[in-house]
Amino acid sequence: MPVFILGIESSCDDTSASVVADDYILSNVTASQEVHRMYGGVVPELASRAHQQNIIPVIHAAVTKANIQKNQLAAVAYTKGPGLLGSLLVGTSFAKSLAVGLKIPTIEVDHLQAHIMAHFIRDQYSTKPVPEFPFLCLTVSGGHTQIVRIDDHFSMHILGQTIDDAAGETFDKAAKIMGLPYPGGPLIDKLAREGDPEKFHFSKPSIPGLDFSFSGLKTSILYFLRDRIKENPDFIEKNKTDLCASIQYTIVSILMQKLKKAADETGIREVAIAGGVSANSALRAALLEGQNQYNWNVFIPRLEYSTDNAAMIAITGYYKYLKGNFGNPASAPYARSRF
Ligand code: KG4
Ligand code: ZN
């Protein structure tokens with residue numbers, strides 16, 4: 001009899017629920033919040049309210065799609081942090097209440113570890129083996145940019161991380177400067193396909209070790225566009241695709257340069273990417289190039305498991321369940337990364 005676990009994700013602006021049977025995904029249902037688009041970024045108060053509206057229908061849909069009864073669940077796994085506290089509180093409170101009602105344990109999941117654990121998901125599309133330990137993972141999301149060495153499912157070490165902005169934030173801010181709607185990352189990706197990545201050159205930071213910095217790039221994009229607009233008010237409109245391609249090329253180069261350095265320094269050739277920015281087509285292509293060029297064995301999550309989703313929470317829940325690593329009914333969510 002498989003272990004059925006419900007995963008709940010509510011750390012930012014996606015309300016998501018997923019059911020796993022052991023490590024196999026039966027359902028993964030996500031309600032994204034459109035309300036933030038008109039504000040050019042996530043409004044925490046509105047995100048919490050939207051989670052309140054979405055959480056029951058989303059969980060109902062995930063359980064129905066999994067074709068199980070709630071009383072078959074062995075545990076409820078939920079994102080405990082990091083994220084927006086108001087958003088996390090909705091998922092946390094719901095998970096705890098549901099677990100009490102069903103007389104089953106909760107499992108607390110760290111959102112960033114879960115992005116990495118997405119590589120252990122099996123579903124109807126799984127064709128490749130999972131990464132072997134130890135492997136490296138470049139975790140790139142809206143709030144975080146890290147290179148992590150994973151020694152086993154529960155032993156992860158950050159080798160380097162951003163000292164200021166995250167890669168996703170840089171995509172989103174660059175898009176905002178160009179007047180593109182939020183979230184800008186996917187739109188830059190789309191427009192970049194038609195553009196020339198070598199047309200404009202932006203400076204890359206020189207940060208020691210395996211850390212990253214993106215705040216200088218953001219400022220250089222801002223000043224570059226400000227100066228060009230003075231000369232030609234239509235500059236952005238006329239050069240949109242080339243700008244997107246050049247900005248994307250710069251961000252991906254910064255990420256790949258440090259990932260290569262990490263692989264060289266550690267001698268690890270199992271290399272993965274995770275988090276929302278791992279949906280980026282140029283980053284995916286660059287990783288595949290690394291496979292040929294550096295003889296890496298690369299792992300790229302399916303798009304559905306790159307951006308925020310509850311399947312990654314449910315799979316982490318499953319591995320924690322096997323270890324008997326259950327949640328504390330009195331614990332509270334955390335906003336900042338603890339791992
Ligand atoms: O992991 P995620 O869904 O949420 C957080 O945990 O932050 O990541 C969201 C980030 C946003 O900054 C979004 O613009 C970026 O991932 N993103 C992308 C793409 N898809 C999502 N950035 C570049 N290209 C994409 N295709
Ligand atoms: Zn995320």
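His111 is buried, with a relative accessible area of 7%, where buried denotes under 20% relative accessible area, exposed over 50% and partly exposed in between, for a 1.4 Å probe and protein chains only. His115 is likewise buried, at 1% relative accessibility. The model is predicted: local features need pLDDT of at least 70, side-chain atom pairs count only at pLDDT 80 or more, and totals for chains, interfaces and linings use all residues. Residues are numbered from 1 along each chain as its sequence is written, and ligands are numbered from 1 in the order in which they are written.

Both histidines lie in helix H3 (residues 111-117), four residues apart, about one turn of the helix; helices here are DSSP runs of H or I with at least four residues, and strands are runs of E with at least two, numbered from the N terminus. An α-helix has 3.6 residues a turn, so residues three or four places apart point the same way.

Elsewhere, five strands form an open sheet of mixed pairing, in the order S8-S7-S6-S9-S10, two strands being paired if DSSP finds at least two bridges between them. Its edge strands, S8 (155-161) and S10 (297-299), each pair on one side only. S6 and S7 pair in the antiparallel sense over six bridges, and Phe135 stands opposite Ile150 in S7.

Key:
Side-chain values use heavy atoms; hydrogens and water are left out.
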